[in-house]
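Please study the sequence and the three-dimensional view before turning to the points below.

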Amino acid sequence: MHKLVLIICLFASITSVRAKEYVITDFGACTDSTQLNTNFIQQTIDKASADGGGIVVIPKGVFLSGALFFKPNTSLRLEAGAVLKGSDNIADYPLIPSRMEGQKLDYYAALINVYNVNNFTITGPGTIDGNGLKFWKEFWAHREEMKKIGKSSTNLEVHRPRLLFIWGCNNVIISNATLCNSGFWTTHLYQCNNVLIENCTIKAPFKPVPAPSSDGVDIDVCKKVIVRGCYISVNDDGVCIKGGKGPNARNLPENGPVEDVLVENCTFGDTHGTLTLGSESLWARNIIVRNCKMDNNCPILRIKLRPDTYQTYENVHISNITGRCGNIIEMRPWKQFFDMKGSSEKPYGIVRNITMENINVTCKSFGIIESNPNDQISDFTFKNISATAETPELITKFQGIKTVNVIVNGKPLTTK
């Protein structure tokens with residue numbers, strides 16, 4: 001992990017060299033709220049790339065746009081008071097080859113799309129606003145209609161865009177920006193290496209209209225990712241580890257592991273889980289969360305074990321956590337959209353070497369550790385934990401969970 005920090009620091013110093021700037025208002029973009037600026041901003045990006053590279057600048061003001069596609073040697077800067085606001089018309093986001101929920105499929109472009117652009121940066125202090133309210137209302141209305149006829153609905157049935165989709169890029173920095181109100185996932189990293197997300201505010205509301213599946217940072221088949229100094233509050237997972245799902249997922253080239261992730265010095269407001277492994281994940285290893293503050297009612301660590309997918313979660317270390325949370329750990333079978341696809345495979349999960357230590361929180365419950373019948377669970381350690389909990393016990397049937405100086409409501413931790 002020290003090598004990861006060094007790589008990011010070296011990259012940051014390289015990209016600090018002043019590049020040529022391309023201001024979108026010089027290419028026809030304007031702050032008229034009735035005008036869609038997609039073509040003007042895309043022309044700015046294309047010009048910067050054609051000239052050999054440069055920074056696309058969003059000046060102060062609100063600029064409405066559909067899907068934008070960044071090209072080699074381009075980056076984005078949002079000046080103080082700048083808002084890049086997403087269109088709420090799905091027609092402004094083309095249907096193209098993509099990646100969603102651990103699957104290779106055609107899906108709608110994000111507001112910001114970055115494919116195979118190395119050394120890409122987004123810098124603030126401005127805002128990228130997904131303007132997702134219309135999409136959220138359509139999602140909940142559709143789900144209610146399905147309930148009335150006794151059917152469930154998936155996340156993909158109501159078409160809505162992500163805020164950022166970054167695919168196949170090395171050396172990425174997203175810093176000092178606000179990313180908010182996404183129609184779907186907020187930040188989706190896929191097949192990327194050496195990524196730094198630093199000092200960003202990432203948020204989507206729980207009320208008055210909840211922003212469904214607005215994950216803060218989705219890390220999908222990536223290596224060497226740092227999330228540092230951020231505030232994250234979204235109506236789904238804060239930081240989520242992905243990589244594929246299904247009984248044959250481990251054999252498909254588009255899927256793979258997530259390795260060497262560091263989350264540090266962050267504050268997590270309301271989310272569904274601070275760090276979530278799943279619900280579409282194959283192999284996550286070397287994941288560190290440290291020096292973070294909780295201000296929510298969700299798990300610090302949430303592990304989802306799909307019975308239709310081979311999964312391995314290992315070497316997860318969470319330390320120096322304070323604040324208010326729902327529970328310290330929640331590990332359960334996860335059967336949402338279960339699909340064996342006609343396979344005779346018998347998938348199972350492996351979870352090992354999980355450590356949570358130096359934690360001081362107020363919580364609803366200490367937590368639960370459960371699994372599917374064939375899963376292999378080992379090497380859980382809880383150390384130097386002080387908690388005040390409404391439900392003080394750890395609910396688990398597993399033996400051999402190691403506890404060292406774990407005090408809940410003034411007493412040593414018990415299990416049931």
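The radius of gyration of the protein is 21 Å, which agrees with the value near 22 Å that a compact globule of 416 residues would have. This radius is taken over C-alpha atoms, and the globule rule is 2.2 Å times the number of residues to the power 0.38. The model is predicted: local features need pLDDT of at least 70 and side-chain atom pairs count only at pLDDT 80 or more, whereas totals for chains, interfaces and linings use all residues. Residues are numbered from 1 along each chain as its sequence is written, and side-chain values use heavy atoms, with hydrogens and water left out.

**Overall form**

- Along the principal axes, the C-alpha atoms occupy a box of roughly 65 × 50 × 40 Å.
- The protein contains three helices and 31 strands; these are DSSP runs numbered from the N terminus, with helices (H or I) of at least four residues and strands (E) of at least two.
- Of the 416 residues, 56% count as buried, where buried means under 20% relative accessible area, exposed means over 50%, and partly exposed lies in between (1.4 Å probe, protein chains only).
- The accessible surface comes to about 16,900 Å², and 49% of it belongs to carbon and sulfur atoms; such areas come from the Shrake-Rupley method with a 1.4 Å probe, and for residues only the protein chains shown count as cover.
- Among contacts (heavy atoms within 4.5 Å) between residues at least 6 apart in sequence, 75% join residues at least 24 apart.

**Aromatic pairs**

- The whole structure holds 13 aromatic pairs; rings of Phe, Tyr and Trp (its six-membered ring) pair if their centres lie within 6.5 Å, with planes under 30 degrees apart counted as stacked, over 60 as edge-to-face and the rest as tilted.
- Phe-69 and Tyr-115 form an edge-to-face pair, because their ring centres are 6.3 Å apart and their planes stand at 75 degrees.
- This pair links distant parts of the chain, since Phe-69 belongs to strand E4 (residues 68–70) and Tyr-115 to strand E9 (residues 112–115), 46 residues apart.
- Phe-69 is partly exposed at 24% relative accessibility, and Tyr-115 is partly exposed at 25%.
- Tyr-107 and Tyr-108 also pair edge-to-face, with 5.4 Å from centre to centre and 80 degrees between the planes.
- Tyr-107 is buried at 3% relative accessibility, and Tyr-108 is buried at 15%.
- A cluster linked by ring pairs comprises Phe-69, Tyr-115, Phe-165, Trp-167 and Tyr-190.

**Charges over rings**

- Arg-162 lies over the face of Phe-165, 4.2 Å from the ring centre; a charge sits over a ring if NZ of Lys or CZ of Arg is within 6 Å of the ring centre and within 35 degrees of the ring normal.
- Arg-160 lies over the face of Phe-184, at 3.9 Å from the ring centre.

**A hairpin**

- Strands E7 (residues 95–100) and E8 (residues 103–108) pair in the antiparallel sense over six bridges; two strands pair if DSSP finds at least two bridges between them.
- The two strands form a hairpin with two residues between them, and Glu-101 in the turn has a positive phi of about 50 degrees.
- Met-100 stands opposite Gln-103 in E8.

**The surroundings of Val-239**

- Val-239 is found in strand E21 (residues 237–242) and is buried, at 1% relative accessible area.
- Beyond its neighbours within four places in sequence, Val-239 has contacts that include Val-217, Ile-219, Phe-268 and Leu-275.
- Val-239 and His-272 are 33 residues apart in sequence and 9.9 Å apart in space, C-alpha to C-alpha.
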